[in-house]
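Welcome, and please get your viewer ready. We will begin with the whole chain and then go from one selection to the next.

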Amino acid sequence: MSGLQGVGLLLLWGSACLLLPGLARGALVISGGHEALQETRGAAISLQKRSTREATVEVHSVKVDCTVTSRFAHTVTTSKALNKANFSQEIFFEMELPKTAFIVNFSMEIDGEVYVGEVKEKEKAKKQYEQAVSSGQTAGLVKASGRKMEKFSVSVNIAAESNVTFILTYEELLQRKLGQYEILTRLKPKQPVHEFQIVTNIYEPQGLSFVDAHATFLSNELLPLVEKTVTDNKAHISFSPTMEQQRECPACDGTLIDGDFVIKYDVKRAKSFGDVQIVNGYFVHFFAPPDLPRVPKNVVFVIDRSGSMWGMKIQQTREALLAILEDLDEEDHFALIQFDDQIQPWRESLTKATKENVAEGMAYVRNIMDHGGTNINGAVLRGVEMLVKDRQEKKLPERSVDMIILLTDGMPNTGETHLPTIQTNVHSAIGGNMSMFCLGFGNDVDYSFLDVMSKQNKGVARRIFEGSDAAVQLQGFYQEVASPLLSEVDLRYPDNAVDSLTTNHYTQLYNGSEIVVAGRLMDNNLDNFIVEVFGQGFEEDFKVQAQASAVDWDVMYPNEEYIFGDFTERLWAYLTIQQLLEQSKTGSPDDKANATAKALQMSLEYSFVTTLTSMVVTKPETEDGPGSPLVADKLTEDQRQQSERTSHRYAPPSFAAYSPPSFAAYPASHTYLVDGDPHFLIELPDRHDALCFNIDDKPGTIFNLVRDPTQDILVNGQTIGDKKIAPGGKIHTYFGRFGIVHQTLGVRLEVSTKDITVLQDGTQVKLLWSDSASVKGPNMDLLLTKDRSLTVSLKDSVKFVILLHKVWAKHPYHQDYLGFYTLDSHLLSPSVHGLLGQFYHGIEYEVSDLRPGEVTEKPDATMYVKGQELNVTRGWQRDFRRDVKNGENVPCWFVHSNGTGLIDGDATDYVVSGLFKRV
């Protein structure tokens with residue numbers, strides 16, 4: 001791929017229209033050949049260097065045009081670039097869009113010739129893609145990007161003195177959450193753009209109750225450039241700074257525009273039956289009546305405390321639960337069940353949320369500790385049994401809502417472990433009498449298992465991503481379901497007037513949310529179009545009936561040339577497809593097949609890129625031959641999760657002690673480790689990347705891993721070998737002993753595969769790996785988990801984790817060995833060094849010139865680091881923190897020859913004469 005020959009200039013990082021918490025952004029990247037790369041290395045990350053070759057490409061215009069018509073958002077992103085050079089160049093277009101949006105069109109216009117994408121059945125598109133790959137052509141894909149986004153990318157070779165215009169269109173139904181809709185535009189252009197414009201038009205016939213627009217980057221000079229015009233039912237917001245207004249200073253190439261542009265709004269809700277829009281033979285009904293009293297809830301929190309929840313996850317779970325309990329209404333009832341291989345309820349029945357009971361529950365939560373296996377089946381059934389029993393004994397309010405909230409981070413491994421059996425057991429026990437919400441913490445959970453189990457029981461599943469804000473995610477989900485207003489909501493329409501209805505029965509309506517139903521009119525006679533809504537409220541049943549009527553859009557919005565006139569039909573199609581895709585996950589095999597077939601047929605009919613379809617764009621011919629296809633897919637949640645496991649891990653888990661998030665930016669967690677044979681791994685989550693290298697030497701060699709002369713900290717490791725060499729094999733080495741010294745604090749540890757010796761202030765203690773222990777001292781804390789791990793926390797400083805890998809004692813070749821992980825490395829001084837320590841404060845590098853390697857799935861590339869060019873290979877190393885037995889593959893750029901060129905000096909420079917000796 002010619003675009004991979006160089007890094008190039010990031011011309012635009014703009015965005016598009018969507019609903020929070022998603023966000024969208026687009027980018028144009030110009031890439032030349034290898035010569036250009038050497039001139040501009042680092043430009044794609046920081047853009048601090050610019051070559052004369054880059055200056056020959058000009059971004060002429062960028063426009064993000066979002067039209068929201070009754071919550072249905074239609075976004076068009078247009079970017080135009082000019083190649084002013086006398087040679088051809090590869091131009092990349094990258095766009096991040098929300099994973100809930102459907103791409104509906106993509107086109108490229110190159111010197112008057114238009115290349116338009118075509119939506120095809122995914123299997124057919126996949127064949128085109130595989131043919132392109134097998135013939136050596138480049139075929140781009142949509143990839144997962146972070147928690148809520150997908151990255152659409154395409155590149156095209158543009159001839160000298162030519163131009164290209166990229167146009168990407170996608171659609172989405174905005175969902176109301178916590179009482180508002182949000183449209184977020186992330187702007188990171190990296191340089192001033194000639195014609196830069198963000199335009200959002202909101203049309204809401206129901207009337208706008210408020211519209212707010214702000215941006216994180218707005219200075220006093222830029223603030224007046226945000227134009228906002230709001231009438232009763234229309235809002236126009238635009239931001240269009242000139243090139244000079246975008247500049248950081250008059251002579252600067254940098255731009256002030258770097259951050260989020262946010263629009264929040266809600267609509268008026270004067271009618272109790274909601275609002276009905278009828279346009280071109282289709283209707284949509286929005287239902288969120290005002291001023292309803294909340295219905296008390298009875299919630300059982302089923303909390304996984306198994307060993308895999310240790311560290312930050314269990315701390316964040318405790319923090320979130322404390323905040324949730326404090327938020328309970330006094331009319332609510334609650335229960336707490338923690339489980340591992342054992343099931344431990346706080347009390348045998350639900351408890352009313354009085355101040356005293358909540359305080360006692362919070363005290364219980366503070367003592368939840370991690371250990372043991374994972375018995376999901378038994379724990380959930382215990383929660384269901386508790387609710388059923390309390391209902392039968394009339395301990396709960398008659399008009400109240402029952403729900404179970406399960407939080408787990410792994411797979412069931414004790415009790416019933418067969419996933420379909422667990423789903424059947426839970427579904428049978430619940431019997432349609434309560435809702436179940438499943439929260440999957442991290443990437444080890446089987447999300448599809450939780451998703452199906454939730455949907456079978458009137459609930460939803462949500463992924464909780466590991467990171468500093470996990471507790472906030474948990475609280476945020478709870479807030480969405482914390483205040484039920486109605487249960488068993490039925491929205492009814494005349495049988496002889498409508499067909500093809502979307503879902504019109506909902507188990508719950510929550511405060512701040514909205515129910516949306518759409519359908520097709522059988523005729524245009526609206527005289528008998530009666531809307532009825534029934535539901536169960538707090539003190540009485542909710543019943544409302546009203547006559548629907550069509551709004552004359554020409555009268556309401558005169559002089560508007562275009563307001564997305566078929567929005568009701570496309571909204572209906574969008575909603576129908578989304579619900580069919582959900583139905584294809586549950587039910588009988590025939591029901592699943594029928595839902596899938598119908599969703600595919602409608603996706604093709606309305607040109608939506610869904611999980612069943614792909615958009616194929618055939619790029620123009622080049623000197624190298626016919627154009628190759630770009631295939632744009634939409635990922636399933638399972639595919640996204642798998643992608644994050646292997647290549648785009650959002651935020652690797654940390655063993656660091658958790659502190660509550662602040663409004664300041666929270667840095668991504670960097671982890672540095674050596675494990676296995678011995679494999680060194682430097683994880684760089686802010687770049688979604690990692691570097692790795694091996695050190696091969698004879699058994700018994702002692703290496704300095706970390707030395708900080710300022711803090712007087714030293715870590716050395718001694719290698720051990722196999723018991724003997726396997727026939728036809730080679731000797732493998734591992735770390736078998738570590739020595740850790742903090743001279744200032746008077747701390748010294750020796751860790752082997754047999755035991756741990758601790759010397760602190762002249763007192764010596766010996767611990768065995770067969771024990772579990774917690775040792776707290778004035779200068780150091782130790783947490784020993786039996787046959788698994790040792791966490792060493794030095795006062796006001798770094799934290800180390802040592803993992804024990806146990807091997808079958810009678811194994812003919814291998815023996816027990818240790819892994820070493822560093823956390824909170826930012827607390828060490830800038831002078832820290834060592835085989836691992838030299839990377840603690842970051843490393844600058846660029847990778848380009850991707851090319852086939854010796855193994856098909858492991859391509860080679862060129863890395864520019866520390867003034868050198870290295871040949872590196874895309875491979876993976878294993879991180880064993882969450883699974884000591886099998887580990888988790890972490891994709892990384894492998895540096896050959898004992899890390900030569902990446903590490904300072906040579907590996908032999910780090911060899912020391914003793915476990916506590918310095919270099």
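## The whole chain

Of the 919 residues in the protein chain, 56% are buried. Keep in mind as you look around that this is a predicted model. Colour by secondary structure, and the chain shows 14 helices and 53 strands.

## First stop: α7 and α8

Select residues 419–430 for helix α7 and residues 447–455 for helix α8. At what angle do α7 and α8 pack? The angle is about 20°, and the axes are 10 Å apart. Because that angle falls under 35 degrees, α7 is roughly parallel to α8. The crossing of the two helices α7 and α8 is right-handed.

Now show side chains. On the α7 side, the contact is made by Leu419, Ile422, Gln423 and Val426; on the α8 side, pick Phe449, Val452 and Met453. The residues of this contact of α7 with α8 divide into 6 nonpolar, 1 polar and no charged.

## Second stop: α11 and α12

Move on to helix α11, residues 567–583, and helix α12, residues 589–605. Here the axes are 8 Å apart and the helices pack at an angle of about 150°. Since the angle is over 145 degrees, α11 is roughly antiparallel to α12. The crossing of α11 and α12 is left-handed.

Which residues of α11 meet α12? Select Trp572, Ala573, Thr576, Ile577, Leu580, Leu581 and Gln583 in α11. Their partners in α12 are Lys592, Ala595, Lys598, Ala599, Met602 and Ser603. By type, the residues of the contact of α11 with α12 divide into 8 nonpolar, 3 polar and 2 charged.

Most residues other than glycine have a negative phi. With that in mind, go to Ser607, in the loop between α12 and β33 (613–618). Phi of Ser607 is near 55°, a positive value. Ser607 has a relative accessible area of 28%, so it counts as partly exposed.

Finally, select Asp111, which lies in the loop between β6 (102–110) and β7 (113–116). Its phi is also positive, near 50°. Is Asp111 buried or partly exposed? Asp111 is partly exposed, at 46% relative accessibility.

Terms used: Residues numbered from 1 in each chain as written. Predicted model: local features only at pLDDT ≥ 70, side-chain atom pairs only at ≥ 80, totals over all residues. Heavy atoms only, no water. Axes fitted to C-alpha atoms, helices over the stretch in contact; angles between N-to-C directions. Helix = DSSP H or I, 4+ residues; strand = E, 2+ residues; numbered from the N terminus. Parallel < 35°, antiparallel > 145°, perpendicular 65-115°, else oblique. Left-handed = near helix turned anticlockwise from the far one by under 90°. Contact = heavy atoms within 4.5 Å. Nonpolar A, V, L, I, M, F, W, Y, C, P; charged D, E, K, R; others polar. Buried < 20%, exposed > 50% of the residue type's maximum accessible area, 1.4 Å probe, protein only.
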